[in-house]
Amino acid sequence: MDRWVATLAFDALTKAYGDVQALRGMTFDVRAGEIFGFVGSNGAGKSTTMRIAVGVLAADSGTVTWDGRPVDHAVRRRIGYMPEERGLYPRMKVGEQLVYLARLHGLDPAAARASMEHWTEVLGVAGRRDDEVLKLSLGNQQRVQLAAALVHHPEILVLDEPFSGLDPVAVDVMSTVLREQAAGGVPVIFSSHQLELVERLSDRVGIVRAGSMVAVGGIDELRSTGDRRWVVDGPPAADWLPAVPTARLSDGVDAGRVVVEAVTGAPADVDQQLLRAALAAGPVREFAVVRPTLTELYRHVVTAETPEQAGARA
Ligand SMILES: Nc1ncnc2c1ncn2[C@@H]1O[C@H](COP(=O)(O)OP(=O)(O)OP(=O)(O)O)[C@@H](O)[C@H]1O
């Protein structure tokens, strides 16, 4: 039997800003101990979802629960949040600010100080503790921002584009910290437009479009449910591909190899049909599934027509 794992569950969230319907039934969950990458185009609804989770915004309908209970004030105090618009006091010193935030979340003065020292050290900004935040470079401000999300030992981490604008070393530092947090049992949800990074770091990924989740799962799971494509190294495609009308050429010929793809509505055994057709035309040296990258999947999913668009054309 599976071990019980606490989840941060988003269930059927809706939210409108005036005429703009930002969320339309946003549903997914993030398990304790996993890193969940939240991706989608500008305006898809990621920040809105995260703001609702941490309570800075109320949903019109739907719920967010943690371990089966509604996320109330007590749970929110145990969330570490990095808002997209950031939120540090620019004129306050880095160290003072982090101690203040830790105290606000209930740590005693000694624990708050120790936690501030720990996180500024780990995140490489210990030398800037006595500087005002506004004197730091944007990347260093971001490191402090992450320290602010972590300083009260949160049980849940919600990070809105934590990697934007970071140099590669800072990306590595931040990635390591997120992995360690997840390994310690914290559910980590982060949004990003850096898909290679999302692919590398996330245990599961959610792709959001127009206010709802359109694909969610482990990277391997998602990659194996995307487009159905195969690389074939065999006789010239013109000799056998026309025999399978539910498939077409996807990529051009490269040293005798072609990539073919199933068209929408192709039967489940189209791969077998392709293989038989190719073998009937001559020897086949290679026949293998081509798995899309997260970037390819993303393009496919976010550029697909929405039901509303399809309805408008009908
Ligand atoms: N305070 C607001 N007032 C009015 N509309 C808003 C507000 N905040 C967000 N929106 C709208 O809601 C929709 C969802 O925005 P949201 O910021 O959640 O998207 P996002 O996925 O985080 O985008 P990005 O990747 O650009 O940060 C967009 O159409 C946006 O213009």
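**Figure 1. The whole chain at a glance.** Helices (H or I, at least four residues) and strands (E, at least two) are DSSP runs, numbered from the N terminus. By that count, the protein has eleven helices and 14 strands. What you see is a predicted model, in which local features need pLDDT of at least 70, side-chain atom pairs count only at pLDDT 80 or more, and totals for chains, interfaces and linings use all residues. Residues are numbered from 1 along each chain as its sequence is written. Along the principal axes, the C-alpha atoms fill a box of roughly 75 × 45 × 40 Å. The domain assignment, with bounds from an automatic or database domain assignment, gives domain 1 (7–217) and domain 2 (227–291). The C-alpha centres of domain 1 and domain 2 sit 44 Å apart. Of the 314 residues, 37% are buried; a residue is buried if 20 or more other C-beta atoms, placed from the backbone, lie within 10 Å of its own, exposed if 12 or fewer, and partly exposed in between.

Figure 2. Two strands count as paired if DSSP finds at least two bridges between them. Strand 3 (residues 35–40) and strand 9 (residues 204–209) make a parallel pair with five bridges. Look for Gly40, which stands opposite Val208 in strand 9.

**Figure 3. Zooming in on Val208.** This residue belongs to strand 9. Val208 counts as buried because it has 25 C-beta neighbours inside 10 Å. Leaving out residues up to four places away in sequence, Val208 touches Phe38, Gly40, Ala44, Gly45, Lys46, Met213 and Val214. Touching here means contact: two C-beta atoms, placed from the backbone, within 7 Å. For a sense of scale, Val208 and Ala247 are 39 residues apart in sequence and 28 Å apart in space, C-alpha to C-alpha.

Figure 4. Four strands make an open sheet in the order 2-1-4-5, with antiparallel pairing. Strand 2 and strand 5 are the edge strands, each pairing on one side only. Helix 1 packs on this sheet and touches strand 1, strand 2 and strand 4, its direction making about 115 degrees with that of strand 1. Strand 1 (residues 7–17) and strand 4 (residues 61–66) are joined in the antiparallel sense over five bridges, and Thr14 stands opposite Ser61 in strand 4.

Figure 5. Strand 4 and strand 5 (residues 69–70) run antiparallel and are joined by two bridges. Trp66 stands opposite Arg69 in strand 5, while the bridge partner of Thr65 is Pro70. Two residues lie between the strands of this hairpin, and Asp67 takes a positive phi near 55 degrees.

Figure 6. Just after helix 1, Gly55 takes a positive phi of about 85 degrees.

**Figure 7. The shell around the ligand.** Which residues are around the ligand? They are Tyr17, Val20, Ala22, Gly40, Asn42, Gly43, Ala44, Gly45, Lys46, Ser47, Thr48 and Glu84, where near means a C-beta atom, placed from the backbone, within 6 Å. Strand 2 (20–31) and helix 1 each supply at least two residues of this shell. Helix 1 gives the most, with three residues. By class, the shell has four nonpolar, six polar and two charged residues; Ala, Val, Leu, Ile, Met, Phe, Trp, Tyr, Cys and Pro count as nonpolar, Asp, Glu, Lys and Arg as charged, and the others, Gly among them, as polar.

Note on methods
Axes are lines fitted to C-alpha atoms, for helices over the stretch in contact, and angles run from 0 to 180 degrees between N-to-C directions.
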